[in-house]
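Dear colleague,

Here is the structure I said I would send.

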Amino acid sequence: SFVDPKVEGPFPTPDTQAVFAYIQERIKEREPTIGYYKRRYNALTITCQLPPNILSAIFVQVKEAKYSRYPITIDRLKYMSISHVCFHWRQVLLSTLGLSSNVQVKNSFVDPKAEGPFPTPETRSSAFAYIQERIREHEATANYYKRHSNALTITCQLPPEILSAIFLEVQHHEDPYPGRIDWIERISHVCSHWRQVALSTASLWSNIPVMRTPWATEMISRSGDRPLKIHYAGSLYSDKSLWPSKCYAVLDELLRCHLSRIKSFTLASDWRYYRSYPYENDTSQKRFITLLAFLTHAPVLEELRVHTLWGNCVEIIQYTVNLPQLRHLELAGCAVTWTDSSFVNLRSLKIFHLPEKTSPTIPQLLHLLQRTPLLEDFSISSIKRSWENRLTGFQRESVSLPYLTDLTIGANVSDCIGLLDPLHCSVESCELTLYPANASAGRKDDIKELAQIIESKCQGPVQKIVFCWDVTRFISGDSRSLSCTLDVKFISEGRKDRAVFWQSLNLDQLLVLEVWEGYGLVEQWSIFGSLPNLEIITVVVNEELLFEALVGETINTPSPPFPALKRLTVAREGEGPWKDTVEQMVSCLKLRHSMGLALECLYLKHYFEHDGDDASVAAIRRLREYVKDVITV
């Protein structure tokens, strides 16, 4: 209803700043008036009519109960919720705490109709209504100017298509866990233009976490006719007083009314609820099966994740055989009929946490993989122990998976060999978790054989190794765009297995070594110290062991160790004295400099608490005598 011709566009480029300044001036004019009416409105409430001494006594009690651990200052006042109620409360609170405020309110604008006193309830009610009407009028005018101010910013001048793409990226990165919808405030509560673009982007609302039942229904209505991605992680109790029962009602309605639009469906049980309410397990299990039965008729379902706690209770295969369009299947705790399973069009198959009696043998897994020729990603963490797993090479059935790029296996060494050896593939990413195997005379030979098989499956030579919390990652390919990743996690009683494994690999092309945990690496430095092309090393803990290795104190090699080393990153964990470590570092770098093996760059992370103090400056100056570039973070 209010229009200012001076702020209506379009504006030529030179005039934009002048219009922007004019709008800001109009907003500043309105804000004191709005603040005046709000203060008058608050003054009519009962809480603001309490005598200051009573309010002060209440504030003292609140302070003693909630904020007694630290002294209250002007800076800390923002943590006290009672200081944000109204201006009158804040002034009384400051007086009570003996603090002074720099905020001085000058009423340049006074409306006699809003000034008191109002002797009767009728006059008070009329004043309330009058003041509220003035607040609405002035806020509407201020919002009008604010919208035009926002319209002049670059972000609001982006085309809606670009804003929509940005919003989808924000949702993707701000939503790491099913059920999180923090991105809604980050996007739709910025300005009215952003909100309109967000509301008109139907795909932004198609990723629905049912754990937030009030939002689930609203997001469905905003998603238009876009394919839906449904997530639910929790339980399915029948007790109507518990929120999981409400979630089941929403899921049931979703599957009945929008089954034709569901593209992705995640149904996961949460062990925390079953510990608290074990008597509800049977009901939840039946409800899981009821919901899965709907999916047998889902025409566009491409992605299905089912995580249960009941082991062999859910025969998931009977709900997927009629889904030829299914591309991604992830099962945890679900029984699969291995001999009858057929996933012809699957691109990704992940199966975890199966009980022993329902886990597959290696021949059963190979038989399953034969019927998934388009598979790109395969993960299995449960393999049944069986004599069939020990079949010799000519007895194993060969399986060709030309599109396989990611492979994850959790098993002992011999089972990994039994599954990997018959596969004809060239993986870009392979993750192995090696469990303790029974002691046998052929254990070392098995580890060597596994290393040789892995090397034959990787694309290119090993160029990067990362040790991280007992995980070893091998990456082969170009060092600038590393194309193959291999994680090997040894869960075993000794470190000799790892040494045998590393020595069995061809590491001549290794370029990068990152050590994020130092336990057990002292004995292995000789493996890496003799490598001819190792250029980059990063060490996070036990860096003293590396300095000893760099000068050959713990390595017996015919030539100086680490001959190609150019960049070294050393990071410290926790706090403590650093001077002794720096002294050892200086001695190490001085000796390597004298041997013609000077570093090009040294990164020091978390070494100096205060980079500008005299001790830190002196230490960095000494390091720069032997290193071309020293960077501290």
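A salt bridge here is a side-chain nitrogen of Lys or Arg within 4 Å of a carboxyl oxygen of Asp or Glu. By that rule the count comes to 10 salt bridges. Please keep in mind that this is a predicted model.

Three of these pairs are described below.

Arg 26 pairs with Glu 29, and their closest N and O atoms are 2.5 Å apart. Both residues sit in helix 1 (residues 16–43), 3 residues apart, which means that about one helical turn separates them. Arg 26 is buried at 15% relative accessibility, whereas Glu 29 is partly exposed at 37%.

Glu 303 forms a salt bridge with Arg 305, with 2.4 Å between the closest N and O atoms. Glu 303 counts as buried, at 17% relative accessibility. Arg 305 has a relative accessible area of 26% and is partly exposed.

Glu 583 forms a salt bridge with Arg 622, the closest N and O atoms being 2.5 Å apart.

Next, the cysteines. How many disulfides does a search of the whole structure find? The search finds 0. Cys 86 is in no disulfide, and the nearest cysteine sulfur, that of Cys 48, is 3.4 Å away. Cys 86 is buried, with a relative accessible area of 10%. Cys 425 is also buried, with a relative accessible area of 15%.

Last, a strand residue. Ser 379 is part of strand 7, which covers residues 377–380. Is Ser 379 buried or exposed? Ser 379 has a relative accessible area of 4%, so it counts as buried. Leaving aside residues up to four places away in sequence, Ser 379 touches Leu 349, Lys 350, Ile 351, Phe 352 and Thr 408.

Regards

Notes:
Residues are numbered from 1 along each chain as its sequence is written. This is a predicted model: local features need pLDDT of at least 70, side-chain atom pairs count only at pLDDT 80 or more; totals for chains, interfaces and linings use all residues. Side-chain values use heavy atoms; hydrogens and water are left out. A disulfide is a pair of cysteine sulfur atoms within 2.5 Å. Buried means under 20% relative accessible area, exposed over 50%, partly exposed in between (1.4 Å probe, protein chains only). Helices (H or I, at least four residues) and strands (E, at least two) are DSSP runs, numbered from the N terminus. Contact means heavy atoms within 4.5 Å.
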